[in-house]
Amino acid sequence: MLNPMILNSLLTTHYSLLTTHYSLLMIIKSFALSDWQTNCFVVHSQDSKDCWIVDCGFEPTALLDYITDNDLHPVRIVLTHAHVDHIGSLEHIHELWPDVPILIHEDEKKFLDDPTLNLSAFTGMPIVAPAATKLLKHGDIMSFNDQEFEVRHTPGHSPGGIALIHHASKQAIVGDTLFANSIGRTDFPTSDIHQLMESIHSQLMNLPDDMTIYPGHGPSSSIGNERVNNPFLKN
Ligand SMILES: [Zn+2]
Ligand SMILES: [Zn+2]
């Protein structure tokens, strides 16, 4: 019979090891880039040097330094959507890794080289970004080594917005659809407030309360926190 103190410490140690392993399963490192403060991400795991770049905001030096400092190798560039603040450095990043595929939802592929659709025409710096190499659709599963990310189509802020969901570690990148205590803008020509609310309710709010969400701007949050505190989600 083990001394209860020892048993307790063994259990605690075991638990903390499990917790550590669990949280390191998939690392989603966030960078708020440029004056737009666009959250862009390096997604990687502890047991591999592969990484994804999710969204390519202006002035990506901090994100690129992280990739270099950790000796990571991008294998995918994924775009939550193609507004100017999320594709500002796509051309530059594509030039650094020309063979790395660029993925975007099929409903937004025309945005990449159309400054009116991607809103860059209104900033005085029209952007004609590189074309997508692969088009995503709702329900796609993207593999990261032995891990899986689910693609959910969340139109409303823009027609081809997506969320990338890693169920195993309860983390989701949600683009400009849902923010901490707020929701995405719908005053753009291709936005639709009814579609946005439908996307939030049918594609995000059915995720577990303890799922961490990483919005396209501002702090991270959780589904549970937004369910309770987000003023736009109250009846
Ligand atoms: Zn946007
Ligand atoms: Zn944005």
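Two strands are taken to pair if DSSP finds at least two bridges between them, and strands (E, at least two residues) and helices (H or I, at least four) are DSSP runs numbered from the N terminus. The structure is a predicted model, in which local features need pLDDT of at least 70 and side-chain atom pairs count only at pLDDT 80 or more, whereas totals for chains, interfaces and linings use all residues. Residues are numbered from 1 along each chain as its sequence is written, and chains are lettered from A and ligands numbered from 1 in the order in which they are written.

On these criteria, six strands form an open sheet with the order 1-2-3-4-5-6 and mixed pairing. Strand 1 (27–33) and strand 6 are the edge strands, each pairing on one side only. Neighbouring strands of this sheet are turned by 25° against each other on average, direction ignored; axes are lines fitted to C-alpha atoms.

Strand 5 (residues 102–105) pairs in the parallel sense with strand 4 (residues 73–78) over two bridges. Strand 5 also runs parallel to strand 6 (residues 134–136), to which three bridges join it. Leu 103 of strand 5 stands opposite Val 78 and also opposite Lys 134 in strand 6, while His 105 stands opposite Leu 136 in strand 6. In a regular strand the side chains alternate between the two faces of the sheet. In strand 5, Ile 102 and Ile 104 point one way and Leu 103 and His 105 the other way, and all are buried (20 or more other C-beta atoms within 10 Å of the residue's own, with C-beta atoms placed from the backbone; 12 or fewer for exposed, and partly exposed in between).

A nonpolar core is defined as a set of buried Ala, Val, Leu, Ile, Met, Phe, Trp, Tyr and Cys residues joined through C-beta atoms within 7 Å. The largest such core has 50 residues, and those with the most contacts inside it are Val 54, Ile 87, Leu 164 and Ala 172. Not counting residues up to four places away in sequence, Leu 164 touches Val 54, Val 78, Phe 149, Val 151, Ala 172 and Ile 173 (contact: C-beta atoms, placed from the backbone, within 7 Å).

Glu 226 lies in helix 6 (residues 223–229). Glu 226 is classed as buried because 25 other C-beta atoms lie within 10 Å. Leaving aside neighbours within four places in sequence, Glu 226 is in contact with Leu 178, Ser 221 and Leu 233. Glu 226 and Leu 178 are 48 residues apart in sequence and 8.8 Å apart in space, C-alpha to C-alpha.

Technical notes
Two residues are in contact if their C-beta atoms, placed from the backbone, lie within 7 Å. Axes are lines fitted to C-alpha atoms, for helices over the stretch in contact, and angles run from 0 to 180 degrees between N-to-C directions.
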